[in-house]
Amino acid sequence: MMTFQQLVLASHNAGKLKELQAMLGDTVQLRSIGEFSSVEPEETGLSFVENAILKARNAARISGLPALADDSGLAVDFLGGAPGIYSARYADGKGDAANNAKLLEALKDVPSEERGAQFVCVLALVRHADDPLPILCEGLWHGRILTQASGEHGFGYDPLFWVPERNVSSAELAPADKNLISHRARAMSLLRQRLGLA
Ligand SMILES: O=c1nc[nH]c2c1ncn2[C@H]1C[C@H](O)[C@@H](COP(=O)(O)OP(=O)(O)OP(=O)(O)O)O1
Ligand SMILES: [Mg+2]
């Protein structure tokens with residue numbers, strides 16, 4: 001069993017930190033990479049896996065701690081899987097509200113049955129910056145893109161993501177409920193098994 005008392009989370013996204021720490025409980029303390037550096041690495045990979053590894057290595061190098069990274073995004077069927085790995089940058093770095101507005105516009109007049117989408121999450125854990133065997137876990141969450149934003153919880157595209165299991169948007173889910181069923185929850189459940197924490 002691999003044990004980590006402290007991991008640095010290779011993310012500048014406060015929403016991810018909150019969700020991942022809640023899922024891990026108090027056995028592992030997640031420290032934000034923001035404590036060490038405010039510089040965000042360029043996400044140059046062509047896949048969630050490549051970007052997750054790149055972020056994890058960068059954080060381990062900067063902090064000297066083992067590092068966990070989360071690369072995630074929304075793949076929309078009607079858009080051929082876009083924005084995918086470019087989800088955070090979909091509206092050219094103008095933030096969540098602009099991303100959501102652009103997505104609604106791209107799906108204007110698209111009927112409900114063609115609005116399928118999945119959230120994707122890849123978690124990468126490296127023991128040190130040059131770790132030759134990163135641990136990789138993925139999770140998917142299937143849903144649909146709503147025609148207008150709804151709900152105040154979560155972050156990112158949550159207000160636009162309709163969750164079939166609950167018939168609400170993921171921003172209408174209580175945070176603890178989202179953390180049981182989300183793409184991130186599925187990836188974290190696999191990671192916990194790999195680490196012997198499950
Ligand atoms: O549960 C989620 N609920 C709503 N939206 C979500 C979720 N999970 C990922 N997303 C969206 C946010 C962002 O538009 C993109 C992730 O981009 P991604 O590069 O992985 O994260 P980020 O730039 O926000 O932070 P960082 O790279 O520092 O971890 O997908
Ligand atoms: Mg990012």
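Let us begin with Asp 71 and its surroundings. Leaving out residues up to four places away in sequence, Asp 71 touches Phe 48, Asn 51, Ala 52, Lys 55 and Val 122; two residues count as in contact if their C-beta atoms, placed from the backbone, lie within 7 Å. Please note that this is a predicted model: local features need pLDDT of at least 70, side-chain atom pairs count only at pLDDT 80 or more, and totals for chains, interfaces and linings use all residues. Residues are numbered from 1 along each chain as its sequence is written, while chains are lettered from A and ligands numbered from 1 in the order in which they are written.

Asp 71 sits in strand β3, residues 67-76. Strands (E, at least two residues) and helices (H or I, at least four residues) are DSSP runs, numbered from the N terminus. Is Asp 71 buried or exposed? Asp 71 is buried, because 27 other C-beta atoms lie within 10 Å. The cut-offs are these: a residue is buried if 20 or more other C-beta atoms lie within 10 Å of its own, exposed if 12 or fewer, and partly exposed in between, with C-beta atoms placed from the backbone.

The UniProt record, an unreviewed entry, lists Asp 71 under "active site". The annotation "binding site" in the unreviewed UniProt entry covers Glu 42 and Asp 71. These two are spread over 30 residues of sequence, yet they cluster in space, with a largest C-alpha distance of 12.5 Å. UniProt positions follow the numbering used here, feature names are shortened, and annotations may be inferred rather than shown by experiment. Glu 42 belongs to the loop between β2 (29-32) and α2 (48-63). Glu 42 is exposed, because it has 9 other C-beta atoms within 10 Å.

I turn now to the sheet. In what order do the strands lie? The open sheet is formed by 7 strands in the order β2-β1-β3-β4-β5-β6-β7, with mixed pairing. Two strands pair if DSSP finds at least two bridges between them. At the edges are β2 and β7 (168-169), each of which pairs on one side only.

Strand β4 (residues 116-126) and strand β5 (residues 135-145) run antiparallel and are joined by 10 bridges. Across this pairing, Leu 123 is opposite Cys 137 in β5, and Phe 119 is opposite Trp 141 in β5. On β5 there is also an antiparallel pairing with β6 (residues 161-163), over 2 bridges. There, Arg 144 stands opposite Trp 162 in β6.

Next, the helices. Helix α2 lies across β1 (6-9), β3, β4 and β5, and runs at about 155° to β3. Axes are lines fitted to C-alpha atoms, for helices over the stretch in contact, and angles run from 0 to 180 degrees between N-to-C directions.

Helix α3 spans residues 96-106, and its buried residues are Asn 99, Asn 100 and Leu 103. Viewed down the axis of α3, the buried residues fall within an arc of 95°, so they line one face of the helix. The arc is that of the directions from the helix axis to the C-beta atoms. An α-helix has 3.6 residues a turn, so residues three or four places apart point the same way. The buried residues of α3 pack against β5, whereas Ala 97 and Glu 105 are exposed on the other side of α3. The C-alpha atoms of Glu 105 and Glu 42 are separated by 27 Å.

What of the interior? The largest nonpolar core holds 43 residues, and those with the most contacts inside it are Ala 10, Ala 56, Ala 67, Leu 68, Leu 123 and Ala 124. A nonpolar core is a set of buried Ala, Val, Leu, Ile, Met, Phe, Trp, Tyr and Cys residues joined through C-beta atoms within 7 Å. Among the elements giving two or more residues to this core are α1 (14-24) and α5 (183-195), and β4 gives the most, with 9 residues. Apart from neighbours within four places in sequence, Leu 68 is in contact with Leu 7, Leu 9, Ala 10, Ala 56, Leu 123 and Leu 125.

Finally, some backbone details. The peptide bond from Ala 82 to Pro 83 is cis, with omega near -5°, and Pro 83 lies in the loop between β3 and α3. Asp 92 is placed in the loop between β3 and α3; although not a glycine, Asp 92 has a positive phi of about 55°. Asn 167, in the loop between β6 and β7, is not a glycine either, and has a positive phi of about 55°.
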